[in-house]
Structure formats: structure tokens, C-alpha cells
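Thanks for making time this morning.

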Amino acid sequence: MRVALPVPLRRLFDYLAPENTLSHTLQAGVRLRVPFGRQELIGVLVECSEHSEFPLEKLKRAHEILDDEPPLTPVLFELAQWAAQYYQYPLGEVLHTLLPHTLRAGKSTELASDLQWRAVPCAENSLRTGSKLFSLYQWLLQESATREAITEAGYSSAQIKTLCDRGLLESFIPTPTPFDTQNLLAEPHLALNEEQRVAVAGVSMGKFSATLLEGVTGSGKTEVYLQLIEKVLTRSEQALVLVPEIGLTPQTVARFRRRFRCPVVVLHSALAAGERYAAWQRARRGEVGIVIGTRSALFTPLARTGIIIVDEEHDNSFKQQDGFRYSARDLTVLRAQRENIPVVLGSATPSLETLHNAMHNRYQHWRLTQRAGNAKPPTIEVIDTNRIALTEGISAPLLQAMRNELAAGNQVLVFLNRRGYAPALLCADCRWQASCPHCSAKLTVHKKTQQLRCHHCDYYEKLPRDCPQCESTRLDAIGIGTQRSEHFFNEQFAEYPVIRIDRDSMSRKKSLHDALEKIHQGNPSLLIGTQMLAKGHHFPHVTLVVILDIDSGLFSADFRGAEKMGQLLEQVAGRAGRAEKPGRVLIQSRYAEHPLLRTLLKEGYQQLARQLLGERQAAALPPYTHLALLRAEHTDPHHAQQLLKNWLPALQAACELGVQLAGPWPALMEKRASFYRFDIQIKSSNRSELQKTLAKFCAFAEQQKLPKGLRWSLDVDPAS
Ligand code: ADP
Ligand code: ZN
Ligand code: ZN
């Protein structure tokens, strides 16, 4: 038997079947427990081969087969194999990522809460009439019950066991009940506008298609999803909806639950293992109609998959950034292909990759250009701050505009993508700067907790009173973070509430809920926040959106910097004027004439994206070419760099025709959480040549003995 194990080796392991088990009766995909060195591991059977390159007498026996049926569907099992190869990650680890925690740990696939007990009819049961055992037995002859129901009725688990031991009781799993396809709608659906109608009609059920649904914020994409899902549910198929981490809000989920009567389950990383597993099982058995989740929900097995929808497909959180570095968005398309169902990628600001696919007719492309209902698009203006003084980062005209808006009874949203009080602390006398001892990064000033914090690792220290270098007391907080703006607005607009939304103020689950509640009451107030505020939420009372700092995005060293900036700006702007009231967006910039900004303002994200695609093509960057990043990390920069230098010849030798290498060079952020990072970029215009190169190279790299503390990784289609 060939078995995939969760170990960092890109190969399978050979075992003999357990005693008394015929290996050819086993299905690929079942879990088994095998000895591995001194430990025992949970592996997945990949192939039942009778042959092995090792002598049979040397092979160990698997200890136990854990499943009758594979827990993953055949499609997911194949997807795992494909992804392991594509992302150059060990299959055993990939399969472990796909399995819920409960199954990874080797537990039974049966859910204890689903188990029911029923009595075994037996004339001579020797139970004393009138005893508790007798009455329990009589009851369970009439109907079956769960353990919970039995104990609630006053019986004990010991009594269940006694009857089981005597052969009078047996447990079973009831056949799952699929959701009801009659009376699906709990509320009537909206009458679609023409563009929405075309989009809904354009996605056929029961066969593969990939569709880009490009629609400005508030244009009614979600309504399109809901009506597509309705079609799917009517066919008694299930829908899988992926949303960005930040977008999985109670409001989003509530919208799906309000519309449909069928069960809707939510899967995200904060769920307890048990809850997650129960939801996973219900999805797999076809009991739920809709699964909503973040990245990893892509791997949820469904009994009858009908459609996959990826909302805000451009979002970074769909790409896993460590370990098994997969793109959920890309794998979604593959899964849909294998399941022969439609996939819909929705966004107001599609990624250049997806746009590229749509422009080359690989994807269908539907546009929603009108805001649904009566909402009008916002007007966008730039305030050139080159020659005007700023107070706490705010220009006088901006302050005035905010004041007017609040006085008119409206809400103002201020976007600043930097939490904390100030992004730097500087000594006015000796120019000392507070920096993280573990990262190449400055420390952020946090006033409330009187701390300096690193936003890239867990490091923090007490806010110093005087300079550790020259003992001067003239320490200046430089730059503006959300806390500082909040403080300033509280002074300036004392008569209005200021609501700050970022990771620090919203660390408790309930605080976000409370804040949103307050905002939705609609009283004039000022909202200030990071991208937590900018994505997904509906703020019908906001009429003015202010973007304080756009400039860092204009000069990013990352090749995706401009794309990300454009997306964020469009998303933030989309918060304004969503209801009856028209909206306005004001952007402060010292580079008002910057060509990217000009294009974005004059012609919108669509045009910017097309311009950026042209630039990518000229520079031979994705999506016109394919990238992978080989990274080495060590606490000693010399070791990290040296490893890549040593490996370079082997990598060069592995290169297929047309594959180009660049580096090694230090990563954009050279040091992070005590590790120095160095990269080699591997690039090819031909994906399969790149794949072959990477596979050959990984086979080499795996065999190498690494200096202690050194780690390496390969990122295929890196996000930055
Ligand atoms: P998006 O997902 O593109 O941001 P939504 O689907 O959330 O847009 O729609 C924005 C608002 O417009 C919502 O309040 C929604 O109820 C409303 N809406 C959507 N489609 C229609 C329609 N066809 N007729 C009237 N209102 C609509
Ligand atoms: Zn100093
Ligand atoms: Zn740090």
C-alpha cells in the first residue's frame, strides 16, 4: 500500500495492510494508522499496489484502517493530489490541511451527537418489570433516541451501556435527511435590473463555466449570488460561498439565512474543532444547502455541489501565506471544472489575473455598472496637500468639509490604514528611532497601553520617557495612526461620537457588533478605521469618505502595490452614498498629479487595471508570466544567503528552457520575527516548464542536509 503521511517529504511511503485485511478491498482515500519511526501517524491511502521498490519483508504493517469510506470526496482527493504537485508541497501535508482537525487526529468519522439508540426486540430479555432498565428498553422499542435525549429523560449512560452489553440495545446513524426544496424562499427575491438579469441568466447550472461578475460596490452582486443559489437549491444541489476573512460578518451570513429556509452553515478558523467538524459532516451528507466560509472552506466536501461563488475574489486572504501556500481562488476554478459546475468570481475590483482570464475569453464576463436601487455613485476629489499645512495630518479644507457634513446630520468615514497612535518614535536630539529587535521595522507608538509595539511580530516594550541613546526627553511620535486621529477628532468634534474600528479597538468579538449597531442607528458621527472598516460593511448614512494617506500605495516596491492601492481606494470609496443620499470622497495626497492616481480618479479602477496589465506585460510580470519564490530563512543572515548561493547551481541545472532566475537577494522585509529572509525568483512564461523545474529542484533540495535552524520554502504564484 502506498500511503501519504504528514511529514515534510515529497514522497509516499510503503506499508503492508494490517493483519487479516486484504489491501485490494480498500478504497483510496481512507485513513490509516501506521508506525513511523518511534511514532504513530495518521496517513491516507493513495494506492493499493502489491509491489514495492523495497523488499516486502522489510515493510511494516499498518496498525489499523480507520475508515470504511474515504472522508473526502473523489474530486477533493484528486484536487489535493493536483495541488500538492502544483504548489510543490508534500501530499501528506496537503491532505491533512483538507481534513478537519478531528479526522487528522485519527478520531472516528461518526459524530457522537448523531448516534441514535434503538432496542433490539427480544422476547426473553430478563429485565425486571418496573425497573429503570425495563422502562428504557420499552421506550427504545417504540422509537430511537440520541444519548442526549436519553439522559435528559432521566436515564444514565451506564444504563445505556448495560443494555448494550446484554445485546438489547444497538446504536446506528440515521440516514441523512436532505434539506427541503419546497418553500425555499423565506422572503421574496428582488426584481432584478437588466444587468443583473443578464448575469443570472448567463450562468447555466449543471456544467462547468467560470464567470467574472464585475460590479461596483452596491451594484447588487449579492442579489445575483442569491438568485443563482436559488436555482441551485431548487435542483436540490448545494452552494459553496467563499468570502474574505474580513468579510465574514454576521450581516453577510444573516442575508443568506434571511432569504432561504434551508440550513446554512458557516466555516471559519475561529470555530472550535468540534463545531467545525459537525458543520463539515452536515455539508458532506447533503443536509445543508449553503456553506459560507473563508479560504479553507474551499475544501468542504459536498454531497451534491451545485455552484461555487468567490466574493471579493481579489482579496489577499484567499492566498495562504505559509505552509501549503495555495490560492483558494485558483483552486476553486479547478474544483468547479472537476465537479462540472459553474464558479462565479465576484468583485468591484477584480484581480489582474482574473481580468486577464476574462479578456482572453477563458471566463465569462458580466458587468453591473449601475448601483442597484436609487443609489448614486460618489464624486471623488483630491486635496493636494503639497503646499498646505496639516494639523495632525488633516488639512483645513478637509476639516471644514467634515464639519459641514456632520452639521447636516450625516456620517463621515475616515480611512487610515495604520493602527496605533503613531508609526514611529524619534529622538529630536540624536535621531534615534525605536525599532523592533526582531524585525527590520519601526515600532508603533500605542498611547493607551503606553507601549511600543511591533506590527510584524509579537514584540512590545514600555513606551520610554527618554531616549535610550542620549537620554534626551525630546521624543517625538512621528506620523499618524488611527488612535491619534481619533484623539484629534474627539477634540475637534466634541459634540459628535467618534467610533474607531481597527484590530486594537475590536479585539473582542462583541465590540465590532456594538460599534456597527451604533453606526446603523444613523446619528451623525465620525467613523475612523483601517481596512476592517473599508470592506464589506454597508453604511447607508455615510455621505463623506475621507482617505488620509494614499501616498504609500503610489510608491510601493511590490509589483502588486499599485493594483492593491487601486482596489483599496475603490472599495473605500464604495462605502459612500449607498442609500438615498449621494456620496463624496476626498483624498489627501502630496502627489495629486501622480499618473496612477489620475487614471483612477478620471477613469476608475477598470481603466487603471487595463493600464496596469499593459505595464505587467511590458515588464514580463504575472499574469503574463509565472513566478515562484524560493526563500531561505535563518536567524543568521549569512546562513540564509549562503544556502541560496550553494543551491543556485543545482537550481540552474534544473532549469528548463526559458526559465529565468534572479537573486538571491534580501526579501522586501529582510528580517521578520528574528529570521533573516533571502529569495531567489524563478520565472517562466511557460507554466509547465516552470513546474518541471520546481519539481526537479525540490527533489534535490529535500535530500540536502540543512544547517541547524535553517528553513526553506517555495511559494508558487506568490502574492507579493
Ligand atoms: P453588492 O453585493 O454588489 O455590494 P448588494 O447586493 O449588497 O450589492 O446590493 C446593494 C443594495 O441594493 C442592497 O441593499 C440590496 O438589497 C439592493 N438591491 C440589490 N439588487 C436590487 C434590485 N434588483 N432592486 C432593488 N434593490 C436591490
Ligand atoms: Zn536621543
Ligand atoms: Zn517585530
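**Rings, strands and the ligand site**

I start with Phe489 and Phe493, both of which are buried. Keep in mind that this is a predicted model.

On to the other rings. There are 18 aromatic pairs in the structure. One of them joins Tyr89 to Phe324: the centres are 5.9 Å apart, the planes make an angle of 15°, and the pair is stacked. Tyr89 sits in the loop between helix 1 (74–86) and helix 2 (91–98), while Phe324 sits in the loop between strand 13 (305–311) and helix 11 (328–339), so this pair ties together parts that are 235 residues apart in sequence. Phe324, at 4%, is buried. Back to the opening residues: Phe489 and Phe493 form a tilted pair, because their planes stand at 45° with the ring centres 6.2 Å apart. Ring pairs also build a cluster, and its members are Trp82, Tyr86, Tyr87, Tyr89, Phe299, Phe324 and Tyr326.

Next, the strands. Strand 1 (residues 2–4) runs antiparallel to strand 4 (residues 39–47), and three bridges join them. Within that pairing, Val3 has Leu45 of strand 4 as its bridge partner. Strand 4 also pairs with strand 3, again antiparallel, over six bridges.

One residue of strand 3 (residues 31–36) deserves a separate word, and that is Arg31. Is Arg31 buried or exposed? Its relative accessible area is 0%, so Arg31 is buried. What does the side chain of Arg31 reach? It reaches the backbone oxygen of Lys107, at 2.9 Å.

Last, the ligand. Ligand 1 is surrounded by 17 residues, and the closest are Ala191, Gln196, Lys221, Thr222 and Arg255. By class, this shell has five nonpolar, eight polar and four charged residues. Helix 8 (residues 221–234) gives the most to the shell, with three residues. Now some polar distances. A polar backbone atom of Ala191 is 2.8 Å from a nitrogen atom of ligand 1. For Gly220, a backbone N or O atom lies 3.0 Å from an oxygen atom of the ligand. The side chain of Arg255 places an N or O atom 2.8 Å from an oxygen atom of ligand 1. On its own, ligand 1 has 560 Å² of accessible area, and the protein covers 74% of it.

Notes. Residues numbered from 1 in each chain as written. Chains lettered and ligands numbered in written order. Predicted model: local features only at pLDDT ≥ 70, side-chain atom pairs only at ≥ 80, totals over all residues. Heavy atoms only, no water. Near = heavy atom within 4 Å. Polar contact = N/O pair within 3.5 Å; in protein donor to acceptor, adjacent residues only side chain to side chain. Areas by Shrake-Rupley, 256 points an atom, 1.4 Å probe, with all protein chains shown as cover. Helix = DSSP H or I, 4+ residues; strand = E, 2+ residues; numbered from the N terminus. Nonpolar A, V, L, I, M, F, W, Y, C, P; charged D, E, K, R; others polar. Buried < 20%, exposed > 50% of the residue type's maximum accessible area, 1.4 Å probe, protein only. Pairing = 2+ DSSP bridges. Phe/Tyr/Trp six-rings, centres within 6.5 Å; stacked < 30°, edge-to-face > 60°.
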